[in-house]
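Dear colleague,

Please find below the structure that I am handing over to you. My notes on what was found in it follow directly after it.

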Amino acid sequence: MNRKQLISQVHDLIETYCAGCFVNSHFRKEHGKSYAQSFCIKQCTVGEKLKEYGKKLS
């Protein structure tokens, strides 16, 4: 995949799964922004995929 396709994939994932995510908003209210972000990066399957795309972009 080239860079443009990877960025498009990242955008599609965020728009489809992350925008309005109930789990993220719940953790953000209960535990704070840092905890919610940490959960998304380390435990969410979509976050893991985004991390994989990020490694390919760098």
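I begin with Cys21, which counts as partly exposed because its relative accessibility is 24%; here buried means under 20% relative accessible area, exposed means over 50%, and partly exposed lies in between, with a 1.4 Å probe and protein chains only. Cys21 is in no disulfide, and the nearest cysteine sulfur, that of Cys40, is 5.9 Å away. A disulfide is a pair of cysteine sulfur atoms within 2.5 Å. Cys44 is likewise in no disulfide, with the sulfur of Cys40 as its nearest cysteine sulfur at 5.7 Å. At 22% relative accessibility, Cys44 counts as partly exposed. Across the whole structure, the search finds zero disulfides.

Please note that this is a predicted model, in which local features need pLDDT of at least 70 and side-chain atom pairs count only at pLDDT 80 or more, while totals for chains, interfaces and linings use all residues. Residues are numbered from 1 along each chain as its sequence is written, and side-chain values use heavy atoms, with hydrogens and water left out.

The next topic is a pair of helices. The axes of helix H2 (residues 22-31) and helix H3 (residues 33-42) come within 7 Å and cross at roughly 145 degrees. Helices are DSSP runs (H or I, at least four residues), numbered from the N terminus. The axes are lines fitted to C-alpha atoms over the stretch in contact, and angles run from 0 to 180 degrees between N-to-C directions. On the H2 side, the contact (heavy atoms within 4.5 Å) is made by Val23, Asn24, Phe27, Arg28 and His31. H3 contributes Lys33, Tyr35, Ala36, Phe39 and Cys40.

Phe27 deserves a separate word. Phe27 lies in helix H2 and counts as buried, because its relative accessibility is 16%. Leaving out residues up to four places away in sequence, Phe27 touches Gly32, Tyr35, Ala36 and Phe39. The C-alpha atoms of Phe27 and Cys40 are separated by 9.9 Å, and these residues are 13 apart along the chain.

Finally, the largest nonpolar core has five residues: Leu6, Val10, Leu13, Val46 and Tyr53. Such a core is a set of buried Ala, Val, Leu, Ile, Met, Phe, Trp, Tyr and Cys residues joined through side-chain atoms within 4.5 Å. Helix H1 (3-18) and helix H4 (45-57) each give two or more residues to this core, and H1 supplies the largest share, three residues. Apart from neighbours within four places in sequence, Tyr53 is in contact with Leu6, Gln9, Val10 and Leu13.

With kind regards
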